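Hi,

Here is the structure I said I would pass on. Have a look at it, then read my notes below.

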Amino acid sequence: MTVSYENSKAVFDGIKAAGILSLSALPETWLGLLLQRAEDDPDVDLIQVAKEEEAIGVAAGAYFAGEPHALLMQNHGFFGAMNGIISLAQLYGIPLCMLVAVRGHWGEPYPWHTRGGIVTEGLLRALNIPYEHARDPAIVAKQIAEAYTFSQSSLSPVALLLTRDLMEV
Amino acid sequence: MERVQCIEMIYPEIEDKLVVTIMGACAQELYDLGHRENFFYLQHAMGLASSIGLGLARHLPHEKVIVLDGDGSVLMNLGTLTTLARYRPANLVHVIFDNGSLLSTGGFESHTTSGVTDLAVIAKGAGIAHVASVSTTMEFGEAFVEAMERDGLSVIVAHVEAVGPDNYGMDFALPENAFRFKRCVQDRRRATGWTPPPDPGH
């Protein structure tokens, strides 16, 4: 299993096409090629955080500044960011457009990812975070634009789940 | 020295700057001196005030951004010092009031109380070049003036007594503070010639 070069490009192009040039991220395997592109693109401002919860603050700052922003993280990073999501974003009505690599689900060979994969959707539901799965590179750009629009109109965190179908070949 | 003395001292300087505070006593002391639309009070989510500051400073090079933080909050997000060190927002002043106490949640001692944990040393070790550690209002004032004049990330660890205001309350709801702060920040950015992107929220 390797990370899809073509589909990483489709996701990155989708982010840019949605008008999002400010990104925060914590690198993870599925996001690697995508973040490499972000680092190499002079139009894109990427802030790598030490822990995903920091990115909730960074995203809030970008939002106040009027800068369209997306957060890239693994589902386990979403767990670590949860208090920031609840007690900053949801409490103050700050939108978050989160692209979350969902490890530990159908087809997962690595045991350490599995518990997190199993509980991810339940936690998103518990937090009232609307989510969609991104599986098809042909429509992922549209899904990213829609996720961003919905986060802004609802003043809420929104999650687009990047699946194995999309991220691996 | 008391935190409120420090905030009083710098209030004329920060009154027209973008300021992000942590929860509780620190927020209240600034608010009681006079709220401004360019103040944002993070009344929860401990540790993220400096991350908000980074997000602001990164996108608003024409602004000076002041974060009023505390030991308890920074201890919850020590990684923020490493992220600040990596990106070095030149227009950010990060003030950490270290009262060695989780004052706003009952006054329990924090890890800095015993003097064993030194946040200034941690900030330096994280890679932040300009770190001041101060214990008197005179030292604080000097360090703050230097930080405001410097074109470079500054951290000031201010050792203060564990005391706060005797009453709490603000005359707006939390989201209202966020909405108004955002409007203020973006109005100021527009004045620099910036055009906001299409906002599907409005």
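First, the ground rules. This is a predicted model, so local features need pLDDT of at least 70 and side-chain atom pairs count only at pLDDT 80 or more, while totals for chains, interfaces and linings use all residues. Residues are numbered from 1 along each chain as its sequence is written, and chains are lettered from A and ligands numbered from 1 in the order in which they are written.

On confidence, chain B averages a pLDDT of 95, and 99% of its residues score at least 70 (pLDDT is the predictor's confidence in each residue, from 0 to 100). For the complex, the predictor gives an ipTM of 0.97 and a pTM of 0.97.

Chain B has eight helices and eight strands. These are DSSP runs numbered from the N terminus: helices are H or I with at least four residues, strands are E with at least two. With a radius of gyration of 16 Å, close to the 17 Å that the globule rule gives for 202 residues, chain B is as compact as a globular protein of that length. (The radius is taken over C-alpha atoms, and the rule is 2.2 Å times the number of residues to the power 0.38.) Buried residues make up 48% of the chain's 202 residues. By buried I mean 20 or more other C-beta atoms within 10 Å of a residue's own; exposed is 12 or fewer, partly exposed is in between, and C-beta atoms are placed from the backbone.

Now the contact between the chains. It takes 32 residues from chain B and 34 residues from chain A, where two residues are in contact if their C-beta atoms, placed from the backbone, lie within 7 Å. On the chain B side, the elements giving two or more residues are helix H3 (49-59), helix H5 (79-87) and helix H8 (174-190).

What about the core? The largest nonpolar core has 119 residues, and A:Leu162 and B:Leu42 touch the most other members. Such a core is a set of buried Ala, Val, Leu, Ile, Met, Phe, Trp, Tyr and Cys residues joined through C-beta atoms within 7 Å. Leaving aside neighbours within four places in sequence, B:Leu42 is in contact with A:Leu88 as well as several residues of chain B, including B:Val20, B:Ile22 and B:Ile52.

Helix H3 (residues 52-65) of chain A gives the largest share of that core, nine residues. 14 of the 14 residues of H3(A) are buried, so the helix is largely enclosed by the rest of the structure. After H3(A) comes A:Gly66, with a positive phi near 85°.

Helix H1 (residues 5-17) of chain A is worth a look too. Its buried residues include A:Val11, A:Phe12 and A:Ile15, and among the elements covering the buried residues are helix H2 (32-40) and helix H7 (140-154) of chain A. Just after H1(A), A:Gly19 takes a positive phi of about 85°.

Finally, two residues of chain B. B:Arg88 lies in the loop between H5 and strand S4 (92-98) and counts as partly exposed, with 14 C-beta neighbours inside 10 Å. B:Pro198 sits in the segment after H8 and is exposed, with 10 other C-beta atoms within 10 Å.

Cheers
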